[in-house]
Structures are given as C-alpha cells and as structure tokens.
Amino acid sequence: MIERDHRLAGRLRVTVTYLEMARPPCRLPAAPAVPGLSLKRIRHPGLTLYRQLYQQVGEPWLWSDRRRMDDDNLAEILRHPAVELLAPTIGPELAGYAELDRRSGDGRVNLAYFGLKPAWIGHGIGPWLLGRALALAWIGDTRLLTVNTCTFDHPKALSLYCSLGFSPMRHVTRMITDPRLTGLLPLDAAPHIPLAE
C-alpha cells in the first residue's frame, strides 16, 4: 500500500515565472477591430468594482490573493496614488483590466494584475491592452518593468509577455493550498486545473 504524504493533501504544485523589461518595447499591438472598444484609466477604484473585476477576470485562473485580503488593506493599495487600473471597455462593459503599481518609488513598475473576462479572450484585446499598459508604464522615470505569471494562468500568457519584450528571470515551483477546497473559490473554478486531492 502506498502512503500519501498528508502534508501535501489539498495542495497544488504551481510554477511561477518572474519576468523583467529593461527598456520600452519597439512596437505595440494595434487595436483590434472590436466595435465600441476604448480604454479607461481608473484611479482609486472602489472596493466593489475592484473585487468584481478581480473575480470575473481571475476566477478561471485561480486568482485568490486579493480575495484573502481584508477590505482595509485592499483599499489602502487601491487608494495609493502610485496604483492605477487600465480597463478595456466595450460600450459600457469593462472587459478586463491591467493594474500598474509604482509604489516601490525607485523607478520600478510592477504589472500586478492583467487579464480579461472569459467572454473577451480571443478577440485581440489582450495584446492591445498589454501594449497600452506598457506604454503608460514607461512614462516618467521608469527604469524597469516587472510581471509574473504562473502555470495556472492562460497558456499564452508567458509567450505574450515575451513577445512584447519581457524576459524571464527565474522560475520558482511551490505548493499552494487549493483555494477551491477552502471555500475561497467555487469548486467549479478553473476546471482545467484538477482539484487537489
């Protein structure tokens, strides 16, 4: 009989890739032919709007860090003048967002979150949004952009970042508690990732 390591029960293996960009990209993707598409800059988004976007964009990829965060800590981040969201809009609908974080104050800008609602994936909006976020991130005294992605994210995320000038710097593999088993996310979230045993 094979004994299971109970320390691993309910846990998932994930590999995180950390990327950097040391100079602005040479070329940015053009806007796709999506009727009504525009870009909205959002400073100081309210908690309700932010949590709704975070859920709609991130649930298919097991985003859970900000779900665990209490309202006061999250509101402090969102109110910070060095944090900004860019949201592609189709008519009145926010189709996703990119979150730029300049709080380090040393010329580094972190693309903290980036993604689209599932209905808008595959229409060319993602590359365009990333390009717009990069253009904005390089305004000012920026000297380095950072982002990370992981094996739970969209399978094209890493190649998209690299195609616009990010370079992978390191990979870290770790075990995390499956947020679906703790009730933080619904059990049917991210069906492409098997539930931890």
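Is Leu85 buried or exposed? Select Leu85: its relative accessible area is 1%, so the residue is buried (buried means under 20% relative accessible area, exposed over 50%, partly exposed in between, with a 1.4 Å probe and protein chains only).

Before going on, note that this is a predicted model, in which local features need pLDDT of at least 70 and side-chain atom pairs count only at pLDDT 80 or more, while totals for chains, interfaces and linings use all residues. Residues are numbered from 1 along each chain as its sequence is written, and side-chain values use heavy atoms, with hydrogens and water left out.

**Around Leu85**

Now show the contacts of Leu85 (heavy atoms within 4.5 Å). Neighbours within four places in sequence aside, Leu85 touches Lys40, Arg41, Ile42, Pro45 and Tyr50, and also Tyr97, Ala98 and Glu99.

**The whole chain**

Switch to a cartoon of the protein chain, which has five helices and eight strands (DSSP runs numbered from the N terminus, helices being H or I of at least four residues and strands E of at least two). Traced from the N terminus, the order of elements is β-β-α-α-α-β-β-β-β-α-β-α-β. Along the principal axes, the C-alpha atoms fill a box of roughly 60 × 35 × 35 Å. Of contacts with a separation of 6 or more, 72% join residues 24 or more positions apart.

Colour by burial: 44% of the 197 residues are buried. Then show the surface, where the chain exposes about 10,900 Å², 54% of it supplied by carbon and sulfur atoms (Shrake-Rupley method, 1.4 Å probe; for residues, only the protein chains shown count as cover).

**Cysteines**

How many disulfides does a search of the whole structure find? The search finds zero, a disulfide being a pair of cysteine sulfur atoms within 2.5 Å. For Cys150, the closest cysteine sulfur is that of Cys162, and at 15 Å it is too far for a bond. Cys150 is partly exposed, at a relative accessible area of 22%. Cys162 is also partly exposed, with 32% relative accessibility.
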